[in-house]
Amino acid sequence: MTCSLSASVNDDYTWMAKAIKLARKGRFTTSPNPRVGCIVLDAKGELAGQGFHVQAGTPHAEVHALREAGEKARGGTAYVTLEPCSHFGRTPPCANALIDAGVSRVVVAMTDPNPQVSGNGIRRLQDAGIEVVTDVLAAESAALNPGFIKRMVTGKPRVTVKMGISLDGKIALSNGVSQWITGSEARRDVQLQRAQSCAVLTGSGTALADNPSLLVRKAEADLSDYPALPLRQPLRVVIDSHNALPGNLQLFTDGHKTLRITGQPIAPETDVPAQAISMKGDHIDLHELMMKLGERQLNDVWVEAGPGLAGALLAAGEVDQLVVYQAPKILGDKGKSMMTLQDFTALEQTPTLSLTDVRQIGPDIRLTYDIIS
């Protein structure tokens, strides 16, 4: 009996790991929904169906897997990376679909943090006489959707600040020249990060100095796993506190969506969608900004900005992650530093970071840090 139970537990972890791998395939397109994968086994424990959520408004992972399984799902087991939904949204409840399919057992990686679902989907399955096992690879499942989870819990999106720096921590020469500190491989990696984000945030200084598009350039990005859908471009968000940006910038003229953040009254005839945010002194209230972006159902915000906005976000406690592409170059002590921060007088005042990932990207090193405090 002990060996049988151990084998069953091992099978649960093995199949859930496969479901998590499936869920990753939707990482470019599910927003504002979470990334979810599902595998259905028949009553003999053989693979009968599998699927992942592809795009908001389309069938969820469970529906894809159950359709593929057909009658083989009856008496079988379903592995789902997130608690099946129990409410009617743009699609019917997945908990009902599992019940109607006649599965006898459902293994759930983690409870859904969405208060509309949390625990209700599991209870509905149990009330229908289905055995439910929870917390199988929960941490790995949570890693699929850090932005969605944060938005459900706090109302704010997950914020990642990207920096391209030299070995001595500079983002540009003293005269402002910065193209290109990092290599082409790092720039391609940035495209991949943009593609996985719901929005790209920048400031007026960067918009004026670089006139960037901030779009995902598919030719540069490695999107081999991208579903057969039109490329989803993230929303561009530009902070223009005093309505000073000219209307001929790429952000406003290329036909893709941009949201202008302003601290001034919004003119009714404006051509670019705008969001008024309260001012704190001479700057936008960044806490209010993040709450408003959360209300727009943005899960993950990728920040490409200068040292002023990057430092302000960090100082305001609105940064969750810092991604640094460090090039093997030395720009010297007169180069421009990566962030504008207060003049710390004690080490205890400085932010605390946790290094979570290090990898070589061409000649550069990508360092990923979680912000602890």
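Guide: A residue is called buried under 20% relative accessible area, exposed over 50% and partly exposed in between, with a 1.4 Å probe and protein chains only. The model is predicted, and local features need pLDDT of at least 70, side-chain atom pairs count only at pLDDT 80 or more, while totals for chains, interfaces and linings use all residues. Residues are numbered from 1 along each chain as its sequence is written, and side-chain values use heavy atoms, with hydrogens and water left out.

Visitor: Is Cys94 buried or exposed?
Guide: The relative accessibility of Cys94 is 1%. At that value, Cys94 counts as buried.

Visitor: How many disulfides are there?
Guide: A disulfide is taken as a pair of cysteine sulfur atoms within 2.5 Å. By this rule, the disulfide count is zero. Cys94 is in no disulfide, and its nearest cysteine sulfur, in Cys85, lies at 3.7 Å. The count therefore stays at zero, with the sulfur of Cys198 also too far from the closest cysteine sulfur for a bond, and the number of disulfides is zero.

Visitor: How far is the sulfur of Cys198 from the closest cysteine sulfur?
Guide: Cys198 counts as buried, at 6% relative accessibility. The closest cysteine sulfur to that of Cys198 belongs to Cys85, too far for a bond, and the distance is 19 Å.

Visitor: What is the order of the open sheet of nine strands?
Guide: Strands (E, at least two residues) and helices (H or I, at least four) are DSSP runs numbered from the N terminus. Two strands pair if DSSP finds at least two bridges between them. The edge strands of this sheet, each pairing on one side only, are E11 (274–276) and E17 (353–361). With mixed pairing, the order is E11-E10-E9-E8-E14-E6-E15-E18-E17.

Visitor: Which residue in E18 is the bridge partner of Val323?
Guide: E15 is joined to strand E18 (residues 364–371) by six bridges, and the two run antiparallel. With strand E6 (residues 158–165), E15 pairs in the parallel sense over six bridges, where Val161 has Leu322 as its partner. In E18, the partner of Val323 is Thr368.

Visitor: Which residue in E18 stands opposite Arg359?
Guide: E17 and E18 form eight bridges in the antiparallel sense. Opposite Arg359, E18 places Arg366.

Visitor: At what angle does helix H7 run to E14?
Guide: Axes are lines fitted to C-alpha atoms, for helices over the stretch in contact (heavy atoms within 4.5 Å), and angles run from 0 to 180 degrees between N-to-C directions. Helix H7 (residues 184–195) lies across E6, E8 (199–203), E14 (300–304), E15, E17 and E18. Its angle to E14 is about 145 degrees.

Visitor: What is the handedness of the crossing of H3 and H4?
Guide: The axes of helix H3 (residues 94–101) and helix H4 (residues 120–127) come within 9 Å and cross at roughly 20 degrees. Angles under 35 degrees count as roughly parallel, over 145 as roughly antiparallel, 65 to 115 as roughly perpendicular and the rest as oblique, so H3 and H4 are roughly parallel to each other. A crossing is left-handed if the near helix is turned anticlockwise from the far one by less than a right angle, and right-handed if clockwise. The crossing of H3 and H4 is right-handed.

Visitor: Which residues in H4 meet Ala95, Asn96, Leu98 and Ile99 of H3?
Guide: These four residues lie on the H3 side of the contact. Their counterparts in H4 are Gly121, Arg124 and Leu125.

Visitor: Which residue in E4 stands opposite Thr77?
Guide: Five strands form an open sheet with mixed pairing, in the order E2-E1-E3-E4-E5. Within it, strands E3 (residues 77–80) and E4 (residues 105–108) pair in the parallel sense over four bridges. Opposite Thr77 stands Arg105.

Visitor: What is omega of the cis peptide bond between Ser31 and Pro32?
Guide: Pro32 lies in the loop between helix H1 (2–23) and strand E1 (37–41). The omega of the cis bond that joins Ser31 to Pro32 is about 5 degrees.

Visitor: What is phi of Leu214?
Guide: Leu214 is found in the loop between helix H8 (204–210) and E9, and counts as buried at 4% relative accessibility. Its phi is positive, in a residue other than glycine, and is near 60 degrees.
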